[in-house]
Amino acid sequence: MQAQLERIPPEYFDTTKGHILRKNAQRSRKKKHLKRRKTKKVTSREERRESCKLTLIVVLNVLLCMCLAAYILWRLSIKVDVVVCPPGYFGEKCERNDFVDSTPWESVEVFKAANGKCTNGYSFRTWAPGALTVNLWVRKTETGESQHYSMVEQDYGYWFISVCDVSINDRYKYQLIYKTSNGYVLSLGGLQRTPLNQEGYNVIVDTAFDWKNQTADVVPFPALPIVYHIHLPTYNHSMSNSPFATVSSRIETLKHIGVNVIELNGLEYLYCNGNDITCWDESSYSPGLLRPSLGSVAQLKELVFQAHANGMAVVLDLDWESSKRDSLLWDYHNYFLFYQEETASPEIADIFRDTGYCSMAECPFDLAGNNLMSLYLLAVLRRYRAEYHIDGVRWISCACNRFMGGDCSAEDKPLDEAQNEAAVSDLWREIRAMGLTILTDKKSIVPDSDYFIDISFSNLVSSVTSTTGLSYSLLMNVIQRVNTSSADQLHALEYYERLSSRLLPRSSYKIASTILSLFYILPLKLHFFMGTPYLSDVPFTSEPSPLDLDEVGCYVNGVMNRPRSKFPKYKMTQDVYALRKRYVKENTEVHVVRDDPTQKILVLRVGPTTNPLLVVINYGDVAYPNEESSYFLRIPLFQPSKAQMPWKLEFTTCNSEYESSVTTIQQDLYNVDCEWYIDYRYFACYRLIIGDQTLSVYSQ
């Protein structure tokens, strides 16, 4: 070791001379004789390498965070578009297929609509098969600005959209674009439209109403209903008032004369060339579109509220039998024709079953081939039921299948009779499922109806005039029907399709009073048309007593005629209803106890033998005004123990309070001597004072 050290030159250890080290440094490194010390300073190249590594790590972390954030946002977007829909909506696009026209919606979470995100708005749906595009146009009331939105196509020719930022009184309509034509059209099922002298739009209506403690439960018909048919446009106190408000103000008065069911006719818009008041029996312009002259939605709901508060059910009489060329439905039929022309083999049927009938201005609906009409009509009925608390519906239906209803003549040709009648029956069953009470005129085509309106009485009454007077056969027909009527039979004294059946204009006060009183005093389920003067012209007041006699009269097209003239008839109706309420019950027996066709006297026992009413009808022209010229009445005893008891006069149409022209009769019946025992039967005899063509009621 010592020898080795001695062989190293001395210059090697001289630090002042570095040339040897520098000279041999490169060679030494190549030979790996020298190693870098750990404490030696790092070169700039290595610094860059280390910095790149750090930067790469940071970038990778940032990219990872961005990917994670993007994934989270994507998941959130999937949740909003697919999962969060308003109640009743379905699918990735949050659609509905159970309505026509418009419906409001609310969502507990933000919902993505066609024009933004919100928690409430409106959905719109219409029918336009084969259209290339359907646009919803909305005009804001506050600004007058219009916006349009492209709707989404659904099955069976429907188009749908949900939008935000739609408010009460905003206007809307649809633009239907086909290959060969396009145009604007109002919405089927809309509640309200702009006036005819303005650009055609539907209007978003404020339907809010405080029902207080009333629920939407159906008010059932009473055991002995008295249905009062009101044609709303002519039922008005003055032109400044609305018919809805007028009916509301008379609810309590109608209750005092026994009305327990109100039937509203003329509720919806009919195209009558501006003659809205006298428009009676036109076909529907657009089912669900309220007639603007009747009042507001709130006033209609107030009418139903007041009726329910007084125990009355409310039924709608709807003119939905067919449509016309000038109707909104005809506009949709025209757009269907574009679809039919542009399609080689159209898969969807037309609204109308046979437009050949439209030459008579009445087009029958196609319920069997096209599901639009069934869905459309049922959607409107559901709205009446849910939002207006309507209790029932009357839909005039015909046994033939030319129309859904109306008058059918023998020469009408059948059109797939079984198929179409089955479709109508299915429609009625859907109505039944809503809980609505159903009235019909033809039981054969409405198998699930609750009540059948029998108009045969009106046919009989139409033969009664002041010359012919009351007949024995007519009265016996009435009595016979009392004991044979089915539980679902409503008997119509007068009928609006037979205006000639109105009794008073053709007969006399005495004849009309007798017939009306007979109807009231018998256990019949009654249906009165508003033309019946005893019901239609009662006072316009919510306080029945005392009466404002100056407002008791005839109202023709909303104008007062002959004030005070109808007070006696109202008073008479009130008195006879009081008897009906006290004595007449469901299933009350009616028996003929004296039949004298020669003298034209008919005596009836109404009610049980323990507490009956004695009804005496003098349907002849001979009066028995005093004791000297009285009618000798012999009747079998109902109860021998009451043989000597008098019969108390409860009511007579021959009464000074009713302003009768005959002698006033105010006399009870006292027993007089006669044969007590004949053919094993006991009889009692009375001297009866009665006027001509009158009806009197006695109780014991």
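## A helix across the sheet

Helix H11 spans residues 472–484. This helix lies across three strands: E20, E21 (601–606) and E22 (613–618). Its direction makes about 160° with that of E20. Keep in mind that the model is predicted.

## The five-stranded sheet

What is the order of the strands in the open sheet? Reading across, the order is E20-E21-E22-E28-E24. The five strands pair in the antiparallel sense. Two of them are edge strands: E20, residues 590–596, and E24, residues 648–652. Each edge strand pairs on one side only. From one strand to the next, the twist averages 20°.

## Two strand pairs

Six bridges pair E20 with E21, and the two run antiparallel. Within this pair, Asp595 has Leu602 in E21 as its bridge partner. The two strands form a hairpin, with four residues between them. Lys600 sits in the turn and has a positive phi of about 60°.

How many bridges join E24 to E28? There are four, and the strands run antiparallel. Strand E28 covers residues 694–699.

Turn to another part of the chain. Here a nonpolar surface patch covers about 740 Å². Its residues are Leu54, Leu56, Val58, Val59, Leu60, Val62, Leu63 and Met66.

Look at Val62 in this patch. Val62 lies in helix H3, which runs over residues 44–83. Why does Val62 count as partly exposed? Its relative accessible area is 43%, and partly exposed means between the 20% limit for buried and the 50% limit for exposed.

## The whole chain

The chain has 700 residues, and 51% of them are buried. Its secondary structure comes to 15 helices and 28 strands.

The chain exposes about 33500 Å². Carbon and sulfur atoms supply 51% of that area. What share of the contacts with a separation of 6 or more comes from residues 24 or more positions apart? The share is 69%.

Notes
Residues numbered from 1 in each chain as written. Predicted model: local features only at pLDDT ≥ 70, side-chain atom pairs only at ≥ 80, totals over all residues. Heavy atoms only, no water. Pairing = 2+ DSSP bridges. Axes fitted to C-alpha atoms, helices over the stretch in contact; angles between N-to-C directions. Contact = heavy atoms within 4.5 Å. Patch = residues over 30% accessible without salt bridge, like charges linked within 9 Å, V, L, I, M, F, W, Y side chains within 5 Å. Areas by Shrake-Rupley, 256 points an atom, 1.4 Å probe, with all protein chains shown as cover. Salt bridge = Lys/Arg side-chain N within 4 Å of Asp/Glu carboxyl O. Buried < 20%, exposed > 50% of the residue type's maximum accessible area, 1.4 Å probe, protein only.
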